[in-house]
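Here is a short note to read beside the model. Please keep the structure open and find each residue as it comes up.

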Amino acid sequence: MLSALLSALCWACFDFMRKQLAQDFSAPLMSVMFSLLVLPGYLIYWGWLQAPLPEAGYFVPGTVSGLLAAIGSVCFIRGLAVGKIAVMLPLLSITPVVSGAFAWLWLGEALGEAQVIALGAITLGSFILQGGRLAIREQGAGYVLVTALCWGMCIVFDKQALQYSEVSFHLIYLTVSVVLINGMVFKPTLSVKRLLSAKWLWACAALAFAVAVLCQLFALQQLQPGVMEAIKRAIGISSAALLGVYFYKERLKGYQWFSITVILAGTLSLY
């Protein structure tokens with residue numbers, strides 16, 4: 001559980017720093033750049049562990065996971081490009097439900113009654129906190145629903161793949177998959193001078209991203225995927241709201257503070 005909490009906190013820090021970078025860099029560029037920045041560290045980590053190779057059973061779930069992660073990323077970027085962010089983000093709140101249900105169907109890992117209630121509370125609280133608009137017919141909503149399904153199922157295939165591979169190899173395989181697919185789809189261009197102008201922010205965000213993914217995969221070996229996804233979403237969404245209040249002087253309404261309370265209570269009940 002400590003790995004899950006650390007992962008969730010790192011995701012929250014990463015999202016905060018990515019928001020800063022988004023003012024000057026496009027989403028497709030950031031998607032590819034973050035993967036390229038963390039890849040050398042993952043290779044060093046893999047080599048330090050004497051480069052363990054996976055069993056033959058790894059490559060089907062590992063490849064499916066990589067494809068789902070990349071497709072989800074592509075669809076999310078497309079959705080944000082054509083739709084309203086206030087409509088897009090609430091739709092991602094369903095990922096813990098997707099992960100929990102798919103893990104039960106695919107891996108036979110059922111949630112306990114208390115966990116089901118906690119996931120429901122976190123999902124509903126997250127949905128309301130992010131705007132609470134369920135506008136399926138809005139432009140871009142289809143892309144984000146595909147994203148939610150892809151990311152919700154991706155973590156299940158991650159867990160299956162880790163039955164046949166060390167975390168260190170899976171990190172590399174996933175990252176290369178995202179780089180190749182997003183690079184071919186978006187073909188982003190980068191000015192080195194612009195990148196260096198924000199080098200410390202890029203470095204800190206990449207470090208947070210690397211640790212977030214690493215800890216998530218370690219935690220996933222012990223947790224039901226729906227629980228892992230719920231913790232990640234709960235901490236990330238609550239932190240984003242609280243950081244917005246502190247750094248951007250954003251004002252939350254009463255029902256939003258109540259939603260944060262529900263989300264945190266649901267998260268604590270999972271421990």
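1. Start with Phe 102. Its relative accessible area is 16%, so Phe 102 is buried (buried is under 20% relative accessible area, exposed over 50%, partly exposed in between, with a 1.4 Å probe and protein chains only). Remember that this is a predicted model: local features need pLDDT of at least 70, side-chain atom pairs count only at pLDDT 80 or more, and totals for chains, interfaces and linings use all residues. Residues are numbered from 1 along each chain as its sequence is written, and side-chain values use heavy atoms, with hydrogens and water left out.

2. Next, the partner. Phe 157 is buried too, because its relative accessible area is 9%.

3. Now the wider count. The whole structure holds 18 aromatic pairs. Rings of Phe, Tyr and Trp (its six-membered ring) pair if their centres lie within 6.5 Å; planes under 30 degrees apart are stacked, over 60 edge-to-face, and the rest tilted.

4. One of these pairs joins Phe 59 and Tyr 173. The ring centres are 5.9 Å apart and the planes meet at 70 degrees, so this pair is edge-to-face. Phe 59 sits in helix H3 (residues 59–82) and Tyr 173 in helix H8 (residues 167–186). Helices here are DSSP runs (H or I, at least four residues), numbered from the N terminus.

5. Phe 102 is in helix H5 (residues 95–107), Phe 157 in helix H7 (residues 141–161). This pair also links distant parts of the chain, 55 residues apart.

6. Which residues do ring pairs link into a cluster? They are Trp 11, Phe 14, Phe 25, Phe 34, Trp 202 and Phe 209.

7. Stay in helix H5 for Ser 99. Ser 99 is buried, because its relative accessibility is 0%. Leaving out residues up to four places away in sequence, Ser 99 touches Trp 151, Gly 152, Ile 155, Val 156, Pro 225, Gly 226 and Glu 229. Contact means heavy atoms within 4.5 Å.

8. Finish with Tyr 271. This residue lies in the segment after helix H12 (254–269). Tyr 271 is partly exposed, with a relative accessible area of 42%.

Methods. Helices (H or I, at least four residues) and strands (E, at least two) are DSSP runs, numbered from the N terminus.
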